[in-house]
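Biologist: I am new to this model and would welcome a close look at one part of it. Please take me through that part step by step.

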Amino acid sequence: MNKRIIAIARKEFLHIIHDIRSLVIIFVMPVIMLVLFGYALNLEIKNIDLAVFDYSKTPLSRKLINQFDANKYFTVSYQNGSPKSIDSLFLSKRARAAIIIDQNFAKKFEHSQQTPIQLVIDASDPNAASFIKIYCNGVINDFNETHNANLHLPFEVKQRIWYNPDMRSAYFFVPGLIALILIMISALLTSITITREKEMGTMEQILVSPVRPNEIIIGKVLPYILLAFLDGLMILLLGVLIFDVPFQGSYLLLIFLSLIFLVTALSFGLMISTLVSTQQVAMMLALSATLLPTVMLSGFIFPLNSMPVFLQYLSYLVPAKYYITIIRGVMLKGNTLWQLIMPALFLLILSAVMLRNALHRFNLNLEK
Amino acid sequence: METDQIAVHTEALTRRFGNFTAVKNASISVSAGEIFGFLGANGAGKTTMIRMLCGLLKPTSGSATVAGFDVYRQSEQIKRNIGYMSQKFSLYDDLTLSENIEFYGGIYNMSVEMIEQRKNNLLRELGIESEAEKLTRELPLGYKQRLALGCALLHDPPILFLDEPTSGVDPRARRSFWNLIYQTSRKGKTIFVTTHFMDEAEYCHRLSIMRDGEIIALGPPSGLKHKHGKSSMQDVFISIVNGERPV
Amino acid sequence: MQQILYLIRKEFKQIFRTREMVAIIFGMPLIQLVILGFTITNEVKNVHLIIGDRDNSRISREIVRAFEHTDRFNIIKYETDIARITENIQDWKAQMAIIIPHNFGRDIERYKIPEIQLLIDGLDGNTAGVALGYAQNIIQQTAKAIQIPEPILAGLAGQTLVELEDRMWYNLNLDNAQYMIPGIVVVLLTIISMMLSAMSLVKEKEIGTLEQLMVSPLKRHQLLFGKIIPFLILTFIELTIVMTFARIIFSININGSLILLGFLSFLYLFTTLGLGVFISAITGTQQEAMFISWFFLVFMLLMSGFFIPIENMPALLQHITYLNPMRYILIIIRDIIQKGTVLSFLLKEVVPMTIYGVLIFILAVINFHKRAA
């Protein structure tokens, strides 16, 4: 390789090594995220504090309440006051839901087909509220079934969960995390490093030398490619070793497509560096233009299908969206290139367009 | 401060950074109204010396007083009585000249009228009144330098510390800067300046030469030249640094 | 104190002079608000579904119709061949498939209890779980509603069932935005306040003006106040603007006291700015400051209860969240906006948050002092 490129790359490498703190963070932070996402990300609602107002106080009502108590999702607390205290129970968070059994409960149960009891739910978290309602209905259904023969459904529903039978969150997040790291290092860091030279005025120094602009880019970017590669590999290994994330597909395919993604991310970083003059602004712009869409609009955490249509269209412009499909496909489903041809093509096109644009801008920028 | 008073006095002043000793047993005495120079190669300890005297760094051992105040216990009073200008000039590039001056005046607790008056004087002296509302980054380097000096003198301190104040400035600008320093000295101010320019060393009333943290020569330029039998400070410096004995 | 005013003036001038900065400070959060506001959701909708109805009886068609009429699922294909269904799931075209077996209707009439299969791509465990829940629910509701053959119905006479009448408090329509948006606003403002303050002091260190300030009679805490106050004012104004936009775009109702909300947000911003300044004091370059503050931010975000409910975390991690100011402000802001909670119920959150604010500021002053000398 070109001696000049090597010289620039080496300088860049030294910069990085001297900044130990940043280095530690680049490697440590993804690990922490991996652990947190892997172990802690469980959106199921548990430990629901249920306040029970039993005005019936009959064996029947107690039986019903026991059914709730026995359920692993609920923690029952018996209330002696009036239902007016529900508001303060909710406000002080001593309860999230309340059940009110009125005094005629047992009598009604013997004589009518439907006996109502009241359920009040703190719906400030609407998602939790839905789950609470479903669970409560589940308990009531069980109660009804024990008291009424023949209440079972005339058929059964069997579920089969593919690719991730234990529904472990690590499977889902490790590939996404790798994509995140690649983008973070490639786009964020590259934009910062070029802007820093501009800000400090040392860019001129380099430009006066026989080095050509393209060589500057390649030289500066090379160490970060290496860094990104190492970081991503580390997370991949940790995911596979600690969380048993499978790797079913072809390594070569993944490396090849990852490189294309890297180029896209780098072009992003380059483009940003041509638009700003200070590091502060570079960082903010990089964060909002790369990190944010990558986390939000790529399917990394939040399902794209659940979003409003205009955002789904927007996501077509986010390279990470294609890459995440690709990396999940290769790792978890063993997809072949043919099966991934659509996202791969999109990625390639985006990549080419961005690279050309970035280089063009960079050269223009230098002439100023 | 009267002319026979001591402005800066140090005894066996030492500063260590871990295993490395940046300044070793420095003992000097600077009188009011003197232009005292610190000569030495980069890394010899000049900047560390100034930083200790300005209250930016606490000495490891030894004693020092600046304007009669002790550097260990009275650094706040010292700061009120000194002006400082660094190599970087320390002006805000993204503020106008006017704003920079007003800012530093305000920091030193000067009254609004005083700031206004001194500001106008300073701008007039430098001949850049018309540029007052321009951003500092647009000012040529020579002007920036003199503006920085002006800001350091805004609150009329008796002692001035200049750390390599002429870096990056062309020889003509350097000469006019030193004229400014002379003028300031004639007003009775003590000026403590570090430099690695040999010709500037000639301009000082007295100077000391530092090597590896130690003061290896001290005295007026003429005296030093005579002592070492050399005709220029440059030759004196080289001879001392090479370890040659005085004649 | 007059000196602090000079510092504040300078800071404002510098900020407003950089047009890019102003655009980012005011423009970026609004854009992010829109994107995040619409993307962050625990809801699951539009799940790509394949229906494989091998029976085509009255009963099976009722079930299929139920799935056609919900926006939770998006039927992309009707396909009964298992190999092709598998392919579609493999190819990411569908996430779920329902297979109703041959003779389903007939087997029900004969009490043979046939089996409906739900196949799901379990990679996204959370969505899969929720989708399965919805699907089960829809099937069961449909089963209850359809006309079941007489013999079974006869058996139902004389049954007594308990029914739940539910009422949702504070959020009748289960509007997700009402819950998420306040949290998003907090997150956005935390990011910007920390970033701004973290880079600011260290930049002066880099260019050398900090030294000039330290040589002056300015005291450390004056300098730090001089940095925090302008940003405090700025971010508070920003908070108001973003919140107003949020109310308009997402139709959020604020049920509690605006004054209390404002006051407590102010307190929170003081804490995050203090944290940023602390970072600025202990770092040497802007890049370092950026990285460390980013590190803190990610940590704060993950451990705040924003993405993952705190009750769901392992016990050890739950204890760690008590150290996170964001945890408290999220609870505060959600409670005030949705439930109209008053100060007396929020003391458990307000007190620790205030203590943190003061502690962090003191830490910043101490650390700054040490570093300087």
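This is a predicted model: local features need pLDDT of at least 70, side-chain atom pairs count only at pLDDT 80 or more; totals for chains, interfaces and linings use all residues.

Biologist: How many Å separate the centres of domain 1 of chain A and domain 2 of chain A?

Modeller: Taken over C-alpha atoms, the two centres are separated by 50 Å. Residues are numbered from 1 along each chain as its sequence is written, while chains are lettered from A and ligands numbered from 1 in the order written. The model has ipTM 0.76 and pTM 0.78.

In chain A, an automatic or database assignment gives domain 1 as 3-41 + 165-367 and domain 2 as 48-147. Helix 1 of chain A spans residues 3-18 and helix 9 of chain A residues 213-243 (helices are DSSP runs of H or I, at least four residues, numbered from the N terminus). Their axes, lines fitted to C-alpha atoms over the stretch in contact, lie 8 Å apart at an angle of about 45°. Helix 1 of chain A supplies A:Arg4, A:Ile5, A:Ile8, A:Ala9, A:Glu12, A:Phe13 and A:Ile16 to the contact (C-beta atoms, placed from the backbone, within 7 Å). Among the partners from helix 9 of chain A are A:Glu215, A:Gly219, A:Lys220, A:Pro223 and A:Leu227. By class, this contact has 10 nonpolar, one polar and four charged residues, with Gly counted as polar.

Key:
Axes are lines fitted to C-alpha atoms, for helices over the stretch in contact, and angles run from 0 to 180 degrees between N-to-C directions. Helices (H or I, at least four residues) and strands (E, at least two) are DSSP runs, numbered from the N terminus. Two residues are in contact if their C-beta atoms, placed from the backbone, lie within 7 Å.
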